[in-house]
Structures are given as C-alpha cells and as structure tokens.
Amino acid sequence: MPTFLKVQGGVPLNGSIAISGAKNSALPLMVASLLTDQSLTLTNVPDLADIRTITQLLEILGVSAQVDGNTCTLNASNITSTTAPYDLVKTMRASVLVLGPLVARYGKARVSLPGGCALGARAVDVHLEGLRAMGAVCELEEGYIVATALKGLQGASFTMRVVSVGATENLMMAASIAKGQTILRNVAREPEIIDLANCLNAMGGKVCGAGTDTIVIDGVDTLHGANHKVMPDRLETGSYAIAALITGGDLTLTNTSLDYLPMVRETLEKAGAFFEIHHDGFRIYQNGAIQGVDVMTEPYPGFATDLQAPFMALMGVCEGASMITETIFENRFMHVPELARMGANIQVHGASAMIRGVKHLSGAPVMATDIRASIGLVIAALAAKGETTISRLYHLDRGYEQLESKLQNCGAKVERVKVSA
Ligand code: EPZ
C-alpha cells in the first residue's frame, strides 16, 4: 500500500530536537570493521534504511552484526565472500566503500559498479585510480569492478583529480593496512573524514591530517577492535535549522554543533537567522524577514550540496531573489518542478537556479526524488498554506531518523498515511 507524508503547513516549529548520529559517518565506520578480525562497536548509529542496507551487505560478506538500539557491534573474523552484489550496490552507492578494505585485507574484491543514480553519473574512477597507485589491478568484468592485490597493497603518493568524499574514505581505509606510507592529496575535508580517521586511529591505525587537504597514513600490519561514537549528523542539523527558520519557529537542536556547518551558518545568518550557541547544540530563530542570499555548493568547508534543496525551499519565500549554483552533482535540481507545484518561482539555467521569493507557498501533492530533495519538500510543506502530500517516502527513510515524531514534538502537523491503490 503506498505511503504518503501528509503535512498541514503554517505551524511554527517550537521546541527541541535531538540530532541523530551521522548516516554519512556511520556508513564508512561500519565498513571499517572489515579491516580487523576483532569487534568494532559503534554507538550513536542512526536507525535508517541505508544503515540496514550496509549491514545486509556486510553480512553477505560474512561479518557478524549485532544491533541493539543505536549500538552496533561488527565482527569480520570470518569473511566468507569478497563480492558486493549489484542488487545491494544499486540501491546505495556507499556500498562501493567495501572495495578498498576488502582488497587491502584479502587481496581481492569484486564490487558491482553502482551505475547511474538520481544525482547523475557519479563515477568511481578516482577510487580505482587510487587503488591502482597502491598496486591493485582493477578491471571491469560483467558490470563488476574486480580488484586484486595478491601480495597486498603498497603505500603510494596519490593526488585526487576531483575531491571525492567516498574515494578519500575508501583509500584511507585501504592505506591503513597497506605496506609503508601513503600520502593522499586534494582529499575531501568533511567532518565525516575526521570521524573515520579517529576511529581508524582508535583501532591502532596511523592516520594524520584528516580535515586538511593532505592525509598521511602509515600502514600497520594489523588493526584491532575499538569502541567509537558516531559524530552528529550535520545534514540533519542543517535541515532542521532551515525548518525552524522557514516556519518562523524557535528550535533548540541538541547532540550537535554548529562547528560542523561553518558556511551554512554564515549563509543562514545572512538570510535572517539568529543563533544562540549551547554546550551541546544551539538555538535558532528568525531575526526579521527571510532575505535572499546567493549560494554555490562546494566541497567542505563550502556550502554542502546536501543542504541545497532545503535551502532552496527557504529561498522560495525570501524577500528579493537568490541564485543557487550546484557544482557537485549535475542532476541535483529534481526538486525544482516539485517546489514549482507548490507555487515557488524558480528558473533553472544550467547549473544555476534563480529563485524569486513569493509571499507564501501552497500545499500540493509532490514527489520525493532523493534524500535531500525529499527533506526540501518537507521543509517547504511545513511553511506552505494548506495540505501537502509527499510520496516516495523511502528516500526520506534513508536519511532522517524518526522524522515525523521529531517534527510532531515541535508542533508540526505531520503524519504518515497509507492509501490503498
Ligand atoms: C558523499 O557521496 C555523500 N555520501 C553524499 O551524500 C554527498 O552528497 C557527497 O559525498 C558530496 O558531498 C556519503 O557520504 C555516503 P563524492 P560520494 O565522491 O562520496 C565526482 C546524501 O544525501 N566523482 O564526493 O559518492 C562525483 O560524480 C548523499 O546523504 C568522480 O568524478 O560523493 C561528484 O560529482 C548523497 N569520480 C563529485 O565527484 C569519483 O571516483 C563528488 O562525489 C568519485 C566522485
């Protein structure tokens, strides 16, 4: 039976929301369990569809996974397969993260090519170039990447052609048990990279420089088990901050920090947000009418592509106009026609969208297309006049833990409804 999210807009969000652990940190951290035969225990793991997908993939490889609430213990002492099948990889591209750890520890890996996704082509060439620099032979066979390094990986010096979060994580994990030193240049600087480096170091790894554009990894013979707490989800944080702003509400977000969102903070302040910093989070509320602000998405510490759709929803009701330019993914304006159905005035010219603010958005039936486009529509719906129904909720369930209850507790009129076909 199809499920929809029904939102009655126009209610300011007031109250407090506890931010969950970061999906995009938990995914590589869980994969890091492949690097050791001892147990890796992760806490603050969000309960999300993507986390269940990576758990399923790790289990197919032979990893034992015990999940108890938000704690997950993984043990890879008995790997039985080094193949990541198409059926799982096609549902979640982050599955490609098993490539580096498998080839580093077992000398071989067979990982399905992810293919296209809602955001565009999204190549994995940088992952492969890095592994080749470390001595792996990578070939494509029947839709699969087949990587071998029967004598193990060798440390290498490698400069990324494009800044890739996933390639940085893949190569950092592989290099942590390669022979000798690896120097990775032009790497991603996202806080999730630092979280992964901290976990690898807690496992006995020697990773330096995470958070800068050069990471130096001294390979060790073996890594051991560890306990590690997943960092807060900065994208969930940014999404709820924007929801507070667009509804004219007053929200306190806990278990998080604005330090993970420097450019988003600066942009929201220009748009009319006031922040009050607390020891475990912050309060956000509107400081006058929402102003149009121009934004260009960029690798961290720039404005996150993952908050582009939520920010566009906000700009939909700004005073004046805003130009939003997407530089990371070629196909990340799929929410534009849906926002237009809600009355937003948006014109797309290539990689840029010109948004002229309207007085108010109106509720409408709309369709989610990816995780962040979906939350953009939810945010628009929270502010719109009337009722919005959002379909294809599986996208939201990939990235937002307990979305409805978190919003309902702050006064939002949001419910999940099943409709017979
Ligand atoms: C990560 O994806 C995130 N996913 C994405 O979050 C996020 O949008 C993206 O980084 C950018 O910040 C996870 O962390 C699990 P990339 P990733 O490799 O690693 C090109 C969400 O909603 N590229 O940094 O796959 C690529 O096509 C998601 O939570 C190559 O050309 O992204 C893109 O244009 C969706 N060759 C750009 O680099 C490569 O080998 C950045 O991609 C790899 C990437």
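Student: How many bridges join E12 to strand E13, and which way do they run?
Tutor: 3 bridges join E12 to strand E13, residues 214-218, and the two run antiparallel; strands (E, at least two residues) and helices (H or I, at least four) are DSSP runs numbered from the N terminus, and two strands pair if DSSP finds at least two bridges between them. This is a predicted model, in which local features need pLDDT of at least 70 and side-chain atom pairs count only at pLDDT 80 or more, while totals for chains, interfaces and linings use all residues. Residues are numbered from 1 along each chain as its sequence is written, and side-chain values use heavy atoms, with hydrogens and water left out.

Student: OK, and what stands opposite Cys208 in E13?
Tutor: Opposite Cys208 stands Val216 in E13.

Student: What sheet do E12 and E13 belong to?
Tutor: They belong to an open sheet of 4 strands with mixed pairing, in the order E10-E11-E13-E12. Its edge strands are E10 (157-159) and E12 (206-208), each of which pairs on one side only.

Student: Switching topic, how do H1 and H2 pack?
Tutor: Helix H1, residues 23-31, and helix H2, residues 49-61, pack at an angle of about 10°, with their axes 10 Å apart; axes are lines fitted to C-alpha atoms, for helices over the stretch in contact, and angles run from 0 to 180 degrees between N-to-C directions. That angle makes H1 roughly parallel to H2, because angles under 35 degrees count as roughly parallel, over 145 as roughly antiparallel, 65 to 115 as roughly perpendicular and the rest as oblique.

Student: Which residues in H1 and H2 meet?
Tutor: Lys23, Ala26, Leu27, Met30 and Val31 in H1 meet Asp50, Ile51, Ile54, Thr55 and Leu58 in H2, where contact means heavy atoms within 4.5 Å.

Student: One more, is Glu236 buried or exposed?
Tutor: Glu236, which lies in helix H8 (residues 234-246), counts as buried at 2% relative accessibility, since buried means under 20% relative accessible area, exposed over 50% and partly exposed in between, with a 1.4 Å probe and protein chains only.

Student: So what does the side chain of Glu236 make a polar contact with?
Tutor: The side chain of Glu236 makes a polar contact with the side chain of Lys406 at 2.7 Å, and also reaches the backbone nitrogen of Ser20 at 2.8 Å. A polar contact is a pair of N or O atoms within 3.5 Å; within protein, one must be able to donate a hydrogen and the other to accept it, and residues adjacent in sequence count only if both atoms are side-chain atoms.
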